Amino acid sequence: MLKRILVTLALLASLLAPATAFAQGSLSDSYSGEELVESGKQFFGSTSQGLASIVERAVSQFGLPNGYILGEDAGGALFAGARYGEGTVYTRNVGQYAVFWQGPSIGFDIGGDGSKVMMLVYNLSQIQDVLGRYAGVNGSAYVIGGFGMTVIKRGDVVMVPIRSGVGARLGINIGYLNFTNEPTWNPF
C-alpha cells in the first residue's frame, strides 16, 4: 500500500514538473534484478518470457543499474540506417523524465524493426548524464521478432538496451544514439 502511495506521489510530481526539466541530484540508489524484471514484465506484457535471463545477464556483467528507461523505438537500414525512439527515464531519488533518442548507423545491415525498449542505465551521477551520444555495435538476425541486448557507452555511463520487437532485420552495424530532452528528425 505504501509503495502505491509513493508511486502515485511520484507520478503527480512528474506531472506537475515540466517534462524536459532535468533536476540535479545524486543517483546512488540502484534497482535490484527482481525490480527490473517486474517492471519489464509490466511494460513488455505477454512477450516478456526471455526478459529475466537477459536482465540477469546484464546485472551479472555490469552490476545493478541506478536508472532505467522504458520506451519505444523504430529503425531501418539498407547498409546505412537510422533509429528513432522516445521514452521515460526512471530513477529512485530524482524522479521520471521524458527522453528522446535518434542516431545513424552504417554496416552490413538490411531491414526494419519496431521495438519496445527497456534500457538499463549505469553510473549516473546526475540526470543530465543521460543526454548525449552513446556509441556501440549492434547485430540483428530475426524475421518475426524476439528479445535482444546491446551495450552502448558514453564516458562512465553505460546503457544496456533490451529490445523486444517485430520486423525483419539481418546484419551488424556500428553507430550511436543521441539522447535529447526534445524530439528531432535529425539523426546526427
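Five salt bridges occur in this predicted model. Side chains of opposite charge can pair when their charged atoms come close. Six residues are joined in a network of such bridges: Asp-73, Arg-83, Asp-109, Asp-113, Arg-163 and Arg-169.

Start at Arg-83. Its side chain meets that of Asp-73 in a salt bridge, with 3.1 Å from N to O. Arg-83 has a relative accessible area of 8%, under the 20% cut-off, so Arg-83 counts as buried. Asp-73 has a relative accessible area of 5%, so Asp-73 is buried too.

Arg-83 also forms a salt bridge with Asp-113, where the closest N and O atoms are 3.2 Å apart. Arg-83 belongs to strand S1 and Asp-113 to strand S2, so this pair ties together parts 30 residues apart in sequence. Both Arg-83 and Asp-113 are buried.

Move on from Asp-113. A salt bridge joins Asp-113 to Arg-169, with the closest N and O atoms 2.6 Å apart. This pair links distant parts of the chain: Asp-113 sits in strand S2 and Arg-169 in strand S6, 56 residues apart. Asp-113 and Arg-169 are both buried.

A search of the whole structure gives one cavity of 30 Å³ or more. The largest cavity holds about 210 Å³. It is lined by 20 residues, and the closest to its centre are Arg-83, Asn-138, Asn-173, Tyr-176 and Leu-177. Strands S1 (67-90), S2 (96-122), S3 (132-142) and S6 (157-180) each give two or more residues to this lining. S6 supplies the largest share, eight residues. By class, the lining has ten nonpolar, seven polar and three charged residues.

Key
Residues numbered from 1 in each chain as written. Predicted model: local features only at pLDDT ≥ 70, side-chain atom pairs only at ≥ 80, totals over all residues. Heavy atoms only, no water. 1 Å grid on protein atoms, 1.4 Å probe; cavity = no way out; pocket = protein on both sides within 12 Å on 5 of 7 lines; lining within 4 Å. Points joined across faces, edges and corners; volume = space filled by probe spheres on them. Helix = DSSP H or I, 4+ residues; strand = E, 2+ residues; numbered from the N terminus. Nonpolar A, V, L, I, M, F, W, Y, C, P; charged D, E, K, R; others polar. Salt bridge = Lys/Arg side-chain N within 4 Å of Asp/Glu carboxyl O. Buried < 20%, exposed > 50% of the residue type's maximum accessible area, 1.4 Å probe, protein only.
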